[in-house]
Amino acid sequence: MKNINSKRKTMAKSAIMALSVVIIAAVAVALAVAGVFGRVTAFASTEETSEIVKVFVGDIIRAPNDYAKDRFRYVDNLAAKNPSEKVTAVLGLDGYYTVDEVNKIISASNNVKVNRVYMWPEGETGRLSIYVENGNIADGIKSYMDKVNETGLDNDPQSIADYKRFLNGEYGIFALTITCPANVLNTLVLDNERLIYADIKYNVEAEQYAQRRGKTVNYIELPSKPDGAY
Amino acid sequence: MKQRRLVKRILAILSSITIILSMQVNASAATQYAWGPNTWTPYQGSFYASTTYVSVYNMKWNSSQVSIWELAQSGQFLTWLTTEYEIRPVNYTTQQIWVLGSESFSTNLPAAYCEFQPDDPEDIAVCSGWAAGYVAETSYYGRLYLSAASNAPTTPRYIFESEYGQTVPLFDDSLPLCYEQYVSRPGLTLPSTYFGTYYNW
């Protein structure tokens, strides 16, 4: 009888211990996840607050696995519901292309305005982001070169070396930002295997999250490269 | 007796929760440090700002700084360590100085992005979203080519800030973990950096 009681006591003790460990671990994991996601800020009674919710657009390489698929699906749904709604999206290419090649890729669909292109030598760290004012990529590149000529490169050897490579045609376009109706974007995505992602600059979850907290959403373009280089 | 143990156990759990929570709350606040030498800022660099051009260049990290980035990142699975170099105009909003959204930028920073947003009027910034990608003794730069707003002031004062933090995929509203503001002369309390002048550290 004594043995049975002792066994019961030991079992109960072990159960309580195990339960405690599970609860502590669960709470720790929940808080750690909440902490790294920046959601614990609300607990802080501090004088500092962040009024901005940053949304990284085109950051496919670091997003969860199904993110690119989900964003394609979002384009598809939007095209079905509101085909004429104008959207701005970051498009990722499956390689590094010339201006002519990119023009061919997007000319498959009408009514597409290019806002920005991203260029860099293949497989290397860095990026050149060029604003395209009138939708013409070549004009945007010319305007960028004019600005570099006006301002110089601070006599910085690394910048000068990189710019020389740009002039030598070593840079290719790996991503671009466009504005067009949702159905046009959907057609573009469906008809073109060179587009590996299309990330519309609107994130429902982020908008809802920001709205609940009275914050503003800032969409920041950070397009991933096809070769995984940073 | 059993009940007393259970109460003790619950109290122990509650105190553990309190400790973890306080750690998380501390991690969510931004801390300002005096200008360098701090781990997250390159040991050398130069910067310049005007109404049409902003640059940060000749920035280098040494091998011990780089290994700290690598070590710190290796403990993070859901977040990425980021660095930002900010220009914060004094007495003006960014919209009063630049036409926002029309910038071009060139940079060899890893996973680089630019913060230049109409809804964030305090600063513009060139940033790296992958600080663990820094290579020791490589010369890094970030240059923004901008358009001046009409009636933009030509030589306003500004604060140059180096900061680091962590971001999560998709969206994030956390504060930077640490930041420091450049001072051209020790002891100055007002920012003494002006448009049109080159500065080095």
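This is a predicted model: local features need pLDDT of at least 70, side-chain atom pairs count only at pLDDT 80 or more; totals for chains, interfaces and linings use all residues.
**Exercise 1. Carry out the analysis for Gly133(B): where does Gly133(B) lie, what is its relative accessible area, and which residues does Gly133(B) touch?**

Step 1. Gly133(B) sits in a loop of chain B, between strand E7 (124–128) and strand E8 (140–145).

Step 2. Its relative accessible area is 23%. Under 20% would be buried and over 50% exposed, so Gly133(B) is partly exposed.

Step 3. Not counting residues up to four places away in sequence, Gly133(B) touches Pro110(B) and Tyr140(B).

Step 4. Between Gly133(B) and Asn200(B) there are 67 residues of sequence separation and 24 Å of space, C-alpha to C-alpha.

**Exercise 2. Describe the largest pocket by its volume, its lining and the classes of its lining residues.**

Step 1. The largest pocket holds about 700 Å³ of space.

Step 2. Its lining consists of 34 residues; nearest the centre are Arg88(B), Glu122(B), Asp123(B), Leu175(B) and Pro176(B).

Step 3. At least two lining residues each come from strand E1 (52–57) of chain A and from strand E4 (80–89), strand E9 (157–167) and strand E11 (178–181) of chain B. E9(B) gives the most, with 7 residues.

Step 4. Sorted by class, this lining has 15 charged, 10 polar and 9 nonpolar residues.

**Exercise 3. Describe the second largest pocket by its volume, its lining and the classes of its lining residues.**

Step 1. The volume of the second largest pocket is about 410 Å³.

Step 2. It is lined by 22 residues, and those closest to its centre are Lys201(A), Tyr219(A), Glu221(A), Gly101(B) and Gln117(B).

Step 3. Two or more lining residues come from each of strand E3 (113–120), strand E4 (127–131) and strand E7 (216–221) of chain A. The most come from E7(A), with 5 residues.

Step 4. The class counts for this lining are 10 nonpolar, 7 polar and 5 charged residues.

Technical notes
Residues are numbered from 1 along each chain as its sequence is written. Chains are lettered from A and ligands numbered from 1 in the order in which they are written. Side-chain values use heavy atoms; hydrogens and water are left out. Helices (H or I, at least four residues) and strands (E, at least two) are DSSP runs, numbered from the N terminus. Buried means under 20% relative accessible area, exposed over 50%, partly exposed in between (1.4 Å probe, protein chains only). Contact means heavy atoms within 4.5 Å. On a 1 Å grid over the protein atoms alone, a cavity is a set of points where a 1.4 Å probe fits but cannot get out, and a pocket is an open set with protein on both sides within 12 Å along at least five of seven lines; lining residues have an atom within 4 Å of a point. Grid points are joined across faces, edges and corners, and a volume is the space filled by probe spheres set on the points. Ala, Val, Leu, Ile, Met, Phe, Trp, Tyr, Cys and Pro count as nonpolar, Asp, Glu, Lys and Arg as charged, and the others, Gly among them, as polar.
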